[in-house]
Amino acid sequence: MINEGDKIAVCISGGKDSMLLAKCVQEIQRHGVVKFDAEYLVMDPGYNPENRKRIIDNAKLLNIPIHIFETQIFDSVVNVGDHPCYLCARMRRGYLYKEAQKLGCNKIALGHHFDDVIETILMGMLYGAQIQTMMPKLHSTNHPGMELIRPLYMVKEKDIIAWARRNELQFIQCACRFTENIADSEDGVGHSKRQEMKELIKKFRQTSPYIDKNIFNSVQNVNLTTIIGYHDNEREYNFLDDYDERGKKC
């Protein structure tokens, strides 16, 4: 994910995942063999003063030299009726790419972890009627020359929580206006489709300790001969397209 000469914008939301990501990148810089630069980028989409202060205080505590820039994303999406979280995420990503480019970066790093990946797989199947996943790295289609990487891709959320607890660290949650106005679940995270997936996977793990790994492996162990149809953004395939031809070979 990280190559010689890269300049990486490490995107910090203020949550536990992105803060751990920042510390990991710092350690790789200090002790790794690949030489690269990093900017620790904090976008303020309209945090309340308490949350902004928590981010700044945690950055000082962890010795992370953050670069903060302002946007008004929360004001833009707070009254959106359908899919405000999707729109917010898209807008955040766009602002982060633009600010990273201003700073001369060629990559942005996000703090998504293993549990985010398998939750995305299940959400795609159950609510999107599709099989897809969150990729560990990908080229930006709207910002030429930029790449997105997810260095915590194989790190499980329970280990991130253990790190935070061991060091007695307190981080902000989502902190957006939408989740602040809805009832919180027991662990302090607002109910959402992703939270539903967390609870579902938690139940699955009670049945088998291999469930989460199996969900992950399902998107890299695809047998196309058993798939009714698929597409690669350029063409579509249906099993009937060559059904008779394949039957002659049997």
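Is Phe 216 buried or exposed, and with what relative accessible area? Phe 216 is buried, at a relative accessible area of 9%, where buried means under 20% relative accessible area, exposed over 50% and partly exposed in between, with a 1.4 Å probe and protein chains only. The structure is a predicted model, in which local features need pLDDT of at least 70 and side-chain atom pairs count only at pLDDT 80 or more, whereas totals for chains, interfaces and linings use all residues. Residues are numbered from 1 along each chain as its sequence is written, and side-chain values use heavy atoms, with hydrogens and water left out.

A pair of aromatic rings is described by the distance of the centres and the angle of the planes. Here, rings of Phe, Tyr and Trp (its six-membered ring) pair if their centres lie within 6.5 Å; planes under 30 degrees apart count as stacked, over 60 as edge-to-face and the rest as tilted. Searching the whole structure gives five aromatic pairs. One of them joins Phe 114 and Phe 216 in a tilted arrangement, with 5.4 Å centre to centre and 40° between the planes. This pair links distant parts of the chain, since Phe 114 belongs to helix H5 and Phe 216 to helix H9, 102 residues apart. Helices (H or I, at least four residues) and strands (E, at least two) are DSSP runs, numbered from the N terminus. Phe 114 also counts as buried, at 2% relative accessibility. Another pair, Trp 163 and Phe 171, is stacked, with 5.8 Å centre to centre and 15° between the planes; Phe 171 is buried at a relative accessible area of 12%.

Attention now turns to helix H8. Spanning residues 193–207, H8 has 15 residues and reaches 22 Å from its first C-alpha to its last, close to the 21 Å expected at 1.5 Å a residue; the expected span is 1.5 Å times one less than the number of residues. Gln 195, Met 197, Lys 198 and Ile 201 of H8 are buried. They cover an arc of only 155° around the axis, which puts them on the same side of H8; the arc is that of the directions from the helix axis to the C-beta atoms. Lys 203, Gln 206 and Thr 207 are exposed on the other side of H8. The cover over the buried residues of H8 includes helix H5 (114–127), helix H6 (157–166) and helix H9 (211–217).

In H6, the buried residues are Glu 157, Ile 160, Trp 163 and Ala 164. Seen down the axis of H6, these fall within an arc of 115°, so they line one face of the helix. The face turned away from that buried side carries the exposed residues Lys 158, Arg 165 and Arg 166. H1, H5 and H8 pack against the buried residues of H6, contact meaning heavy atoms within 4.5 Å. Just after H6, Glu 168 takes a positive phi of about 55°.

Two helix pairs show how these elements meet. Axes are lines fitted to C-alpha atoms, for helices over the stretch in contact, and angles run from 0 to 180 degrees between N-to-C directions. Helix H1 (residues 16–31) and H6 pack at an angle of about 80°, with their axes 10 Å apart. H1 and H6 are therefore roughly perpendicular to each other; angles under 35 degrees count as roughly parallel, over 145 as roughly antiparallel, 65 to 115 as roughly perpendicular and the rest as oblique. Among the residues making this contact are Met 19 and Leu 20 of H1 and Ile 160, Ile 161 and Trp 163 of H6. For H5 and H8, the axes come within 9 Å and cross at roughly 105°, so H5 and H8 are likewise roughly perpendicular to each other. Their contact includes Ile 118, Leu 122 and Met 123 in H5, and Met 197, Ile 201 and Phe 204 in H8.

The loops complete the picture. Thr 71 sits in the loop between strand S3 (66–70) and helix H3 (73–77) and is buried, with a relative accessible area of 5%. Leaving aside residues up to four places away in sequence, Thr 71 touches Met 43, Asp 44, Pro 45, Gly 46 and Tyr 95. Ala 129, in the loop between H5 and strand S5 (137–139), has a positive phi of about 55° although it is not a glycine; Ala 129 is exposed, with a relative accessible area of 75%.
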